[in-house]
Amino acid sequence: MATAVPPAASRIAVVTGASSGIGAATARRLAEAGYRVVLTARRKDRIEALAEEITAAGHQATAYPLDVTDRAAVDEFATAFKTVGVLVNNAGGALGADPVATGDPDQWRTMYETNVLGTLNLTQALLPKLDAGGDGTVVVVSSTAGHATYEGGAGYVAAKHGAHVLAETLRLEIVGRPVRVIEIAPGMVRTDEFALTRFGGDTEKAAKVYQGVAEPLTADDVADTIAWAVTRPPHVNIDLLVVRPRAQASNTKVHREP
């Protein structure tokens, strides 16, 4: 099926967490689909290099260093736009895999602030711009962790449940306005940094997450899903799309080759 071309009033797409993984892949896909992408993340060098790559490929991209948990900085960022077509709330991540009894409160706080409050900050700041364009889309990249629990994941699960509820509630609250709310919930995705960050740089623990799984999802798989949902006709809202590799039936049921 051909990708729908976004209307002229909706050509700016803001992608958070665009320095690597799903965010970077999504920025590339939306640029290919005709959007002028604005790349945000804390790592200035990464997003500037990606903006150069996208521009060299004949598309339009701008890098803007931003910490989504800094509300004053987010509000300042929002003043740069009159209208925005798409906001992809992708910044997030997991820290640790300890049980509730011994979990690190600082890690829980960081995950909540990034996954939930970061999404809240960008959504609140840009919602008037999305509304003004007459055809806006808010994407929340949550996780299957936002829909089911698993041992050792309570902090991340709680944060992603928060992101899921934010998306679901926002959709109820703004129905009738020209803004869609889409939630994409990926399962097992193998990227360069997700598991490594979760386990504090421990490569052995990170590798075990994907051990025996021949084909976990890639960042490009999720980006393709996001781009497909965003480029549906304006009256079509993909409320929730759960995407997993074939080998994963649930958060705790994964087929692993010996």
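Modeller: A crossing is left-handed if the near helix is turned anticlockwise from the far one by less than a right angle, and right-handed if clockwise. Helices (H or I, at least four residues) and strands (E, at least two) are DSSP runs, numbered from the N terminus. The model is predicted: local features need pLDDT of at least 70, side-chain atom pairs pLDDT 80 or more, while totals for chains, interfaces and linings use all residues. Residues are numbered from 1 along each chain as written, and side-chain values use heavy atoms, without hydrogens and water.

Biologist: Which hand has the crossing of helix 1 and helix 2?

Modeller: Helix 1 passes helix 2 in a right-handed crossing.

Biologist: Why is helix 1 called roughly parallel to helix 2?

Modeller: The axes of helix 1 (residues 21-32) and helix 2 (residues 44-56), lines fitted to C-alpha atoms over the stretch in contact, with angles from 0 to 180 degrees between N-to-C directions, cross at roughly 25° and come within 11 Å. Angles under 35 degrees count as roughly parallel, so helix 1 is roughly parallel to helix 2.

Biologist: What makes the contact between these helices?

Modeller: With contact meaning heavy atoms within 4.5 Å, A24, A27, R28 and A31 of helix 1 meet L50, E53 and I54 of helix 2.

Biologist: What makes strand 3 an edge strand?

Modeller: Two strands pair if DSSP finds at least two bridges between them. Strand 2 (residues 36-41) and strand 3 run parallel and are joined by 6 bridges. In the open sheet of 7 strands, ordered 3-2-1-4-5-6-7, strand 3 (60-65) pairs on one side only, as does strand 7 (240-243).

Terms used
Angles under 35 degrees count as roughly parallel, over 145 as roughly antiparallel, 65 to 115 as roughly perpendicular and the rest as oblique.
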